[in-house]
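User: Please examine the structure below and answer some questions on its helix packing and its sheet.

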Amino acid sequence: MAALLKSDEIAVAADLLRRGHLVAFPTETVYGLGADALNPGAVARVFEAKGRPSFDPLIVHISDWDMLADLVTAITPLERRLMQRCWPGPLTIVMPKSSTVPDLVTAGLPRVGVRWPDHAIAQRLITLAGRPVAAPSANRFGGISPTTAEHVLEQLGDRIDAVIDGGPCRVGLESTVVEVRGDTIVVLRLGGVTVETLSRIAEVEIDVAHVDKLAQSAPGRLSRHYAPATHLTITKDWEQVPAGADVGVLSFRHVPNSERFGQVEILSSSGSLVEAATNFFAALSRLDAAGLRLIVAERFPDEGLGRALNDRLERASRR
Ligand code: TXA
Ligand code: MG
């Protein structure tokens with residue numbers, strides 16, 4: 001079973017990373033399953049622990065500019081601007097990789113996704129390890145991204161060496177993944193930095209089918225991500241939802257006659273998308289653990305973090 005480390009035991013975790021072990025750690029988005037990004041053996045163990053197909057590239061996490069310089073061959077002025085505005089923070093930028101980055105990290109792609117997390121424990125861990133840390137979200141492949149150390153242990157406790165407990169994650173949704181094409185920011189995955197924020201920096205194009213293309217390049221795997229084991233459907237009208245003790249609901253701010261349902265999760269009664277994002281994956285996990293027949297979720301307003309939340313709901317509802 002993985003060791004549960006406290007926030008003052010980061011040096012122990014950094015030492016494990018340097019020796020090629022796997023350490024899950026908190027970031028502002030979700031918990032990551034970390035390995036030394038420059039050690040192909042350690043990176044291979046990440047895929048093994050997650051049960052993740054090795055063609056899906058990993059994000060490399062940094063904590064200073066020197067680490068970035070070693071990982072990429074060139075940085076365009078627009079990429080620089082994105083870094084200045086959004087780092088440290090929930091933005092991953094995909095850039096041409098240097099020969100330092102093992103091919104396994106990028107799944108053979110010529111580009112590497114890099115992120116500077118806005119979380120004191122993550123930054124300290126990377127700095128003490130003295131090397132960039134490759135980390136996918138710390139869930140089993142296709143499962144729900146963990147936003148607490150307990151959720152990491154539930155999914156991966158018997159497969160990794162340690163997890164650092166940093167409490168619940170502030171943002172609660174994964175980073176926005178982008179690449180720069182000419183003067184355009186292309187969004188490959190919606191996440192913690194909103195399209196509205198990016199639009200203030202440059203023109204934005206959304207190409208989220210990209211993640212699906214990567215996933216579908218392997219036989220038998222579909223774009224069903226962030227998914228509970230329980231069947232999930234999306235509703236526009238609570239009155240149309242069948243009542244029942246075996247039905248759970250995931251609502252943004254309010255459910256009329258909520259006593260009709262077996263379990264009710266309200267993400268933000270004040271209607272804050274930021275608060276809803278923070279609570280989203282933990283609420284989905286609670287519903288999934290409740291032994292329900294069906295989870296019914298409500299769409300979010302298509303703005304700000306609501307877009308990324310709707311993207312996660314749609315993926316969770318696919319079968
Ligand atoms: O917030 C996050 O991004 C979290 C924390 C731990 O940093 N990490 C995370 O990693 O969500 P993961 O592996 O679960 O999702 C990474 C996404 C995938 O959809 C992957 O396809 C895309 O980023 N990605 C990573 N590197 C890429 C690359 N070189 N080219 C294209 N897409 C890439
Ligand atoms: Mg993930």
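User: Which exposed residues does the face of H4 turned away from its buried side carry?

Analyst: This is a predicted model, in which local features need pLDDT of at least 70, side-chain atom pairs count only at pLDDT 80 or more, and totals for chains, interfaces and linings use all residues. Residues are numbered from 1 along each chain as its sequence is written, and side-chain values use heavy atoms, with hydrogens and water left out. Buried means under 20% relative accessible area and exposed over 50%, with a 1.4 Å probe and protein chains only; helices are DSSP runs of H or I with at least four residues, strands runs of E with at least two, numbered from the N terminus. On the face of H4 away from the buried side, the exposed residues are Pro77, Gln84 and Arg85.

User: Why are the buried residues of H4 on the same side?

Analyst: Within H4 (residues 77–86), the buried residues are Leu78, Glu79, Leu82, Met83 and Cys86. They lie on the same side of H4 because they cover an arc around the axis, taken from the directions from the helix axis to the C-beta atoms, of only 145°.

User: In which sense do E5 and E9 pair?

Analyst: Both strands belong to an open sheet of 11 strands with mixed pairing, in the order E1-E8-E2-E3-E7-E4-E6-E5-E9-E10-E11. Strands pair if DSSP finds at least two bridges between them. Thr92 has Val177 in E9 as its bridge partner. Over four bridges, the sense of the E5 and E9 pairing is parallel.

Key. Chains are lettered from A and ligands numbered from 1 in the order in which they are written.
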